[in-house]
Amino acid sequence: MEKITKKCFVERIKDRINDKDPNISLIAVSIVVNTITALAKMGFGFYLGSYWLLIHSIYFMIIGFARYRTMKNYIYVQTVKSILFKYNLEFETHNRAGYFLLFIGFSYLLACLRMYFVGDVILIGGILVYWFIVFTVVKFTFAIYGLVNTRHKRNPIIRTMKVIGFVDASLSVVPTLYTSLSYFDYDNTAEVTSLLGMGISIGVMIAGIVMLNRKRRVITENNANEFQHVNTRFEKIKQ
């Protein structure tokens with residue numbers, strides 16, 4: 001196994017940004033947006049006594065941490081010289097993300113079931129409603145940009161980044177819809193948004209199952225260089 005060299009994580013981020021790596025810049029900005037969103041929703045949750053907003057703030061914090069860990073692994077594997085060792089690290093990160101999505105999807109399904117039967121009390125009006133909408137649009141913009149910008153990448157960690165980003169944006173839709181419907185005094189706000197959340201949570205679990213069932217490629221020291229050449233050539237052709 002290749003020896004892990006110690007280097008400041010911040011320095012590694014700077015190195016990747018200096019190399020004009022769009023994945024690092026995108027995820028770094030996404031983590032900042034996640035943190036701001038989570039803290040804001042937690043503050044509103046405590047202030048308004050909203051279980052729904054508090055739950056979502058916790059989810060965004062967890063997803064933000066998952067993004068940070070994924071970015072950390074991505075930055076590290078760029079320094080690894082062994083193609084075999086690099087691919088194993090990338091695939092393990094992708095595989096662990098599958099379990100993570102199963103946890104997120106199942107726990108969010110339970111939270112939505114609780115919301116459907118118990119409900120929530122929330123009164124948000126005026127500019128705050130538009131704040132929720134703007135942040136959701138921003139998250140989806142980043143998620144779609146990430147999908148388009150890395151659509152030809154075959155790196156398992158980059159695939160993981162795209163999936164987590166889209167899950168994050170999808171979960172943002174639920175509280176945004178909830179605040180919007182409550183603002184217009186819709187009678188079945190809790191039921192409609194919780195049903196939407198259940199559908200999203202099932203989709204997240206399906207994505208986790210797909211990631212867990214993705215087969216690891218058979219790479220040995222003998223065919224590692226050929227594997228790297230094929231991947232690089234594929235990405236250049238698709239660009």
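Four aromatic pairs occur in this predicted model, where rings of Phe, Tyr and Trp (its six-membered ring) pair if their centres lie within 6.5 Å, and planes under 30 degrees apart count as stacked, over 60 as edge-to-face and the rest as tilted. Local features need pLDDT of at least 70 and side-chain atom pairs count only at pLDDT 80 or more, while totals for chains, interfaces and linings use all residues. Residues are numbered from 1 along each chain as its sequence is written, and side-chain values use heavy atoms, with hydrogens and water left out.

A pair of aromatic rings is described by the distance of the centres and the angle of the planes. Y59 and Y108 form an edge-to-face pair, with 5.1 Å from centre to centre and 85° between the planes. This pair links distant parts of the chain, since Y59 sits in helix α3 and Y108 in helix α4, 49 residues apart. Helices here are DSSP runs (H or I, at least four residues), as are strands (E, at least two), numbered from the N terminus. Both Y59 and Y108 are buried; buried means under 20% relative accessible area, exposed over 50%, and partly exposed in between (1.4 Å probe, protein chains only).

The rings of Y116 and F117 have centres 5.2 Å apart and planes at 85°, so this pair is edge-to-face. Y116 is partly exposed, at a relative accessible area of 33%, and F117 counts as exposed, with 66% relative accessibility.

Axes are lines fitted to C-alpha atoms, for helices over the stretch in contact, and angles run from 0 to 180 degrees between N-to-C directions. The contact of α3 with α4 has 17 nonpolar, five polar and four charged residues. In this scheme Ala, Val, Leu, Ile, Met, Phe, Trp, Tyr, Cys and Pro are nonpolar, Asp, Glu, Lys and Arg are charged, and the others, Gly among them, are polar.

H56 also lies in helix α3 and counts as buried, at 0% relative accessibility. Leaving out residues up to four places away in sequence, H56 touches Y108, L171, V174 and P175, where contact means heavy atoms within 4.5 Å.

The largest nonpolar core has 27 residues, and W52, Y108 and L171 have the most contacts inside it. Such a core is a set of buried Ala, Val, Leu, Ile, Met, Phe, Trp, Tyr and Cys residues joined through side-chain atoms within 4.5 Å. Two or more residues come from each of α3 (51-77), α4 (83-118), α6 (156-183) and α7 (189-212), and α4 gives the most, with nine. Another core, of 12 residues, lies apart from this one and includes I31, I75, V80 and I158.

α6 and α7 pack at an angle of about 175°, their axes 9 Å apart, which makes α6 roughly antiparallel to α7. Among the residues making the contact are V163, L171 and L181 of α6, and T189, L196 and M211 of α7. By class, this contact has 14 nonpolar, six polar and no charged residues.

Helix α7 also contains G203, which is partly exposed, at 35% relative accessible area. G203 and L102 are 101 residues apart in sequence and 9.9 Å apart in space, C-alpha to C-alpha.

Technical notes
Angles under 35 degrees count as roughly parallel, over 145 as roughly antiparallel, 65 to 115 as roughly perpendicular and the rest as oblique.
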